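Take a look at the model below.

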Amino acid sequence: MDALIDRLIGFLEANRDWAFWIALVFAAAENTAFLSIAIPSTAILVGVGALVATGALGFAPIFLGAALGAVIGSTFSWWLGLRYGDRILSLWPLRDHPDLVERGRDSFAKWGPLAIIIGHFFGPLRPVVFLMCGMAAMPFWWFQLFNVTGSVAWAFIVPKTGEVGGLIIGWIWSLFGA
């Protein structure tokens, strides 16, 4: 998996015009139920953020792509919950992790719509909370109010973490390299 991440980051370094689309695809995958388990999107977006620190990429296309991708993925997860209801809980991996489903339900019950914003930042809860919103038949526009807020915050913080980390590593490197 590390080789895939390295190749993708190398590709972006050489093809900066793809930054928006790469961020969109990986953010959508990270916020889509079931798909988020298979793809290391957060690591990729942090790595892409580190390229901003080197000057190889601008932050705006990464941020905008990640924000739009997060909205798309989480909205699709909400729709899955709305469309398939409790039947979706019988699919892998949810059927094998009833504790995760219960945590998602508890978060949604405790925090209500704020669980959508919080869910963007906690990997295991992320797709489950969006499914729960759909299963609870949360109205689309009410879901989107909190979803867009959480998506934008998440899309800013994740790559920015990589950028700040890259700046710190660059600064430390300059201390020892000078």
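Contact here means heavy atoms within 4.5 Å. Keep in mind that this is a predicted model.

Start with Ser74. Where does Ser74 sit? Its place is in helix α5, which covers residues 59-84. Is Ser74 buried or exposed? Buried means under 20% relative accessible area. Ser74 has 0% relative accessibility, so it counts as buried.

Next, a pair of helices. Two packed helices are described by the angle between their axes and by the distance between those axes. The pair here is α2 (residues 19-30) and α4 (residues 41-54). Their axes come within 9 Å and cross at roughly 150 degrees. The crossing of α2 and α4 is left-handed. Which residues make the contact? From α2 come Ala23, Phe26, Ala27, Ala29 and Glu30. From α4 come Ser41, Thr42, Ile44 and Leu45. By type, the residues of this contact divide into 6 nonpolar, 2 polar and 1 charged.

Last, a loop. Ala137 is found between α8 (126-135) and α9 (140-177). Look at its backbone. Phi of Ala137 is near 60 degrees, a positive value in a residue other than glycine. How exposed is Ala137? Over 50% relative accessible area would count as exposed, and under 20% as buried. Ala137 has a relative accessible area of 47%, so it is partly exposed.

Conventions
Residues are numbered from 1 along each chain as its sequence is written. This is a predicted model: local features need pLDDT of at least 70, side-chain atom pairs count only at pLDDT 80 or more; totals for chains, interfaces and linings use all residues. Side-chain values use heavy atoms; hydrogens and water are left out. Helices (H or I, at least four residues) and strands (E, at least two) are DSSP runs, numbered from the N terminus. Buried means under 20% relative accessible area, exposed over 50%, partly exposed in between (1.4 Å probe, protein chains only). Axes are lines fitted to C-alpha atoms, for helices over the stretch in contact, and angles run from 0 to 180 degrees between N-to-C directions. A crossing is left-handed if the near helix is turned anticlockwise from the far one by less than a right angle, and right-handed if clockwise. Ala, Val, Leu, Ile, Met, Phe, Trp, Tyr, Cys and Pro count as nonpolar, Asp, Glu, Lys and Arg as charged, and the others, Gly among them, as polar.
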